[in-house]
Amino acid sequence: KEKAVLDVNLIGKSGAQVSVVLCVSKVPANNSIDDAFVITATDVSELIQTRDNLLFLAKHDPVSSLPNAIAFEATLDSLKTKLDISNSNIVVAALRICNFRWIEDMYGNDALTIYIRDIASGLEAYLGSGMVARLQKDEIAVVLNGFYDHDDLEFRLKKVSKIVSADRLIQGRSLSSDTEIGYRRLENNTDSNEVISDATIAMRTLAGSRLEIVEYQSCMQRELQEKADFIDRIKTAVLNEEFSVVFQPQVSIHHKRIIGVEALLRWIQPNGEFISPEVFVPELERQGYIYDVGLWVLELCCNKGREWLDKGYGPFVMAVNVSALQLLNDNFPRDVLAILARSHFPPNLLELEFTESCMVADPKAAEQLMNDLGALGVKIAIDDFGTGYSSLSYLKKFKMIDKLKIDKSFVDSIGGDNDTII
């Protein structure tokens with residue numbers, strides 16, 4: 001041959017392996033010399049590394065390094081060919097990290113990346129490499145096999161849930177998330193992609209419910225479509241400002257006069273249908289609209305309060321409910337200050353109400369932001385106190401709290417439960 005090309009690995013001066021392409025060309029003999037050969041070596045290490053990276057990314061999630069949906073489907077196909085499906089118990093489960101968007105919004109992408117990688121590592125340690133995949137940003141799929149019966153399967157699914165929802169110390173903050181899991185059995189007559197899809201459908205039907213784990217049923221597709229339609233209605237309502245605010249008076253029985261009002265968000269459909277806040281507010285949070293809607297409510301309330309003062313009504317306190325996503329947003333105190341400045345509403349007449357869950361989600365951040373709000377002159381109230389998290393001793397660190405609205409269940413339990421801590 002006049003020319004040959006070889007792929008070889010050489011050892012460089014540093015001792016590291018170098019991938020090169022050798023090109024050997026023959027120089028024909030002439031009268032003065034015999035045949036000669038010219039050898040050229042081209043370092044292609046970077047090209048090969050780039051190729052390997054692209055091949056990896058084609059089948060893996062770049063953040064967690066877990067297999068992606070394409071690779072996971074291939075894994076299921078392989079399981080079906082290697083195992084006797086009729087005599088084996090194999091389940092595909094899809095799970096959602098419920099607080100994914102909240103963690104991303106509150107603490108940024110770096111913290112979220114570390115959090116996701118730690119979850120991936122924990123799941124692979126329990127289930128084995130290749131049995132875990134990342135389907136979407138907040139969705140992970142797993143394979144469970146070899147369980148004995150339904151009780152054993154339920155135990156393993158709960159173990160998976162505990163791994164995902166466990167508290168994790170990330171960049172000095174304790175982060176955790178609830179988990180929703182849907183699953184379907186892998187059978188020899190089902191398409192692997194269909195099984196993944198059905199498990200995902202089951203998982204998504206749990207949004208807004210109090211269930212944690214559910215098995216796929218054929219009726220769930222319709223339920224999921226109804227949820228999707230509701231989300232579309234939420235989006236339309238936000239864009240068209242279809243929400244309204246009503247004011248519930250707070251009356252002093254001693255002075256027989258109004259001493260304050262509480263703003264309540266309402267959503268009434270064009271056909272007159274009333275949608276409960278317990279239904280649409282959690283969806284506003286899940287869809288990432290709650291912060292902007294909350295600011296809209298706050299500005300409307302401050303403008304209304306200023307209008308009442310100008311007409312000679314009051315003065316009385318304007319109480320506005322605030323979600324954890326608002327409280328734990330670093331921009332919230334600044335946004336409150338801007339609204340107060342635009343509306344000219346006195347800060348001492350504004351009362352922001354938080355629930356216990358706001359304090360528990362991130363106590364240090366909550367304490368700092370409450371202090372910042374208190375410094376503006378705004379009153380701080382805790383709503384539904386005693387519904388599951390706090391004792392009075394827990395409030396020592398929250399020195400800016402002006403009012404506790406004690407839940408009836410907390411009072412009812414006093415004296416009836418030896419474990420109650422006051």
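Author: In this predicted model, Thr200 counts as buried because its relative accessible area is 8%, under the 20% limit. The residue belongs to helix α5, which spans residues 192-204. Within that setting, the side chain of Thr200 reaches the backbone oxygen of Ile196, at 2.8 Å. Apart from neighbours within four places in sequence, the residues in contact with Thr200 are Ala94, Leu135 and Glu139.

The nonpolar cores come next. The largest one has 92 residues, and Leu350 and Leu352 are the members that touch the most others. Helix α3 (residues 100-127) gives the most to this core, namely 13 residues.

Once neighbours within four places in sequence are set aside, its contacts are Leu298, Cys302, Met318, Val320, Val336, Leu340, Phe345, Val378 and Lys379. Leu350 lies in strand β15, where it stands opposite Met318. Strand β15 (residues 350-355) is joined to β14 by four bridges, and the two are parallel.

Strand β14 itself covers residues 317-321 and is mostly covered, four of its five residues being buried. It also pairs with strand β12 (residues 257-268), again in the parallel sense and through four bridges. In that pairing, Val317 of β14 has Gly260 opposite.

Notes:
Residues are numbered from 1 along each chain as its sequence is written. This is a predicted model: local features need pLDDT of at least 70, side-chain atom pairs count only at pLDDT 80 or more; totals for chains, interfaces and linings use all residues. Side-chain values use heavy atoms; hydrogens and water are left out. Buried means under 20% relative accessible area, exposed over 50%, partly exposed in between (1.4 Å probe, protein chains only). A polar contact is a pair of N or O atoms within 3.5 Å; within protein, one must be able to donate a hydrogen and the other to accept it, and residues adjacent in sequence count only if both atoms are side-chain atoms. Contact means heavy atoms within 4.5 Å. A nonpolar core is a set of buried Ala, Val, Leu, Ile, Met, Phe, Trp, Tyr and Cys residues joined through side-chain atoms within 4.5 Å. Two strands pair if DSSP finds at least two bridges between them.
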